[in-house]
Amino acid sequence: AAGQGSQGSKRARKGSGPAPIAPAAGAGAGAESDRGSNRLINFMVGAPDKHDAVRMRMMTAKALAQLCCKAASADGSTPVTEVVAGLVQGSATARSFSALTLWHWKATATQQQQRGAPAADCMSAEVLGQLAVHLACASSCQPSLPHSTDPYSETQPLLEQMRREVLALINACMQAGWLLHTPGGIAVEQLLTDHVASLLTTVPEVPETSPVHTARLRVQGVLGSAQTYEQYLHLSTLACCAAAFVRSGQLPPKMNAVIQPLMAAVRKEPDAQLQ
């Protein structure tokens with residue numbers, strides 16, 4: 001009896017547990033439920049699709065924008081300050097997300113105004129000014145100029161690896177009897193990709209069997225990866241900022257500052273959602 005009771009309680013616990021998670025879209029009948037109020041989200045965190053992160057960011061920005069717009073319309077306050085705070089961060093992801101949120105917010109506000117409903121405008125002079133500052137910065141190495149020389153925070157791991165390889169190159173040159181100086185005497189811990197590119201031009205030509213040659217190739221490899229990553233981050237960030245500025249309906253100080261990032265996104269952006 002005790003055994004039957006134990007088995008019965010196990011079945012009871014099992015039966016009272018949470019319902020099983022529905023399969024992701026594309027798995028059996030779940031793929032056919034993408035309609036009406038039971039619409040399935042066709043991506044999951046950690047899914048193999050490389051575009052899932054971008055799709056999640058786009059949907060989250062839209063949801064946050066609608067929430068901000070409705071909250072501002074309801075009580076007269078505006079959370080635009082919190083949204084704009086992301087624009088001044090050193091993260092390309094934060095800047096892009098804030099710009100996308102502003103883009104969706106303006107679209108939502110415009111729709112509400114067309115229906116005759118009150119809607120708070122998020123495109124203040126402060127917002128447009130910050131967008132214009134980013135759009136005026138052409139350097140992917142120092143994307144916060146003129147206020148800061150810091151690189152995008154996402155590039156820090158690559159930059160740290162690049163600096164370690166630079167130290168190894170300097171040591172290899174010293175052992176070969178050469179003194180390799182950083183541009184302007186900048187400390188190795190503060191070197192950016194532009195500095196290292198300039199540094200490599202001063203390394204003397206040596207045989208391929210030389211440790212200096214090997215060390216230089218290692219620096220070139222990490223430098224190329226860091227530069228590619230910086231350029232991609234800057235491309236996406238400027239495109240999002242340009243799209244937000246266009247959505248405002250205002251003319252920028254310089255038209256090329258808006259047109260060029262949008263055209264570059266169409267040509268080079270690998271993710272169609274951000275083109």
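Two exercises on a predicted model follow, each with a worked solution.

Residues are numbered from 1 along each chain as its sequence is written. Local features need pLDDT of at least 70, and side-chain atom pairs count only at pLDDT 80 or more, whereas totals for chains, interfaces and linings use all residues; side-chain values use heavy atoms, without hydrogens and water.

**Exercise 1.** State which residues of the largest nonpolar core touch the most other members, and which element gives the most to this core.

*Solution.*
1. A nonpolar core is a set of buried Ala, Val, Leu, Ile, Met, Phe, Trp, Tyr and Cys residues joined through side-chain atoms within 4.5 Å. Buried means under 20% relative accessible area, exposed over 50%, and partly exposed in between (1.4 Å probe, protein chains only).
2. The largest such core has 28 residues, and Leu102, Trp105 and Leu131 touch the most other members.
3. Helices are DSSP runs (H or I, at least four residues), numbered from the N terminus. Helix α8 gives the most to this core, 6 residues.

**Exercise 2.** Find the salt bridges in the whole structure and say what each ties together.

*Solution.*
1. A salt bridge is a side-chain nitrogen of Lys or Arg within 4 Å of a carboxyl oxygen of Asp or Glu. The search finds 2.
2. One joins the side chains of Arg218 and Glu165 (3.0 Å, N to O). Arg218 lies in helix α8 and Glu165 in helix α6, so this pair ties together parts 53 residues apart in sequence. Arg218 is partly exposed at 48%, and Glu165 is buried at 11%.
3. Another joins Arg216 and Glu205 (3.6 Å, N to O). Arg216 is in helix α8 and Glu205 in the loop between α7 and α8, so the parts tied together are 11 residues apart in sequence. Arg216 is buried at 7%, while Glu205 is exposed at 70%.

Key: Helix = DSSP H or I, 4+ residues; strand = E, 2+ residues; numbered from the N terminus.
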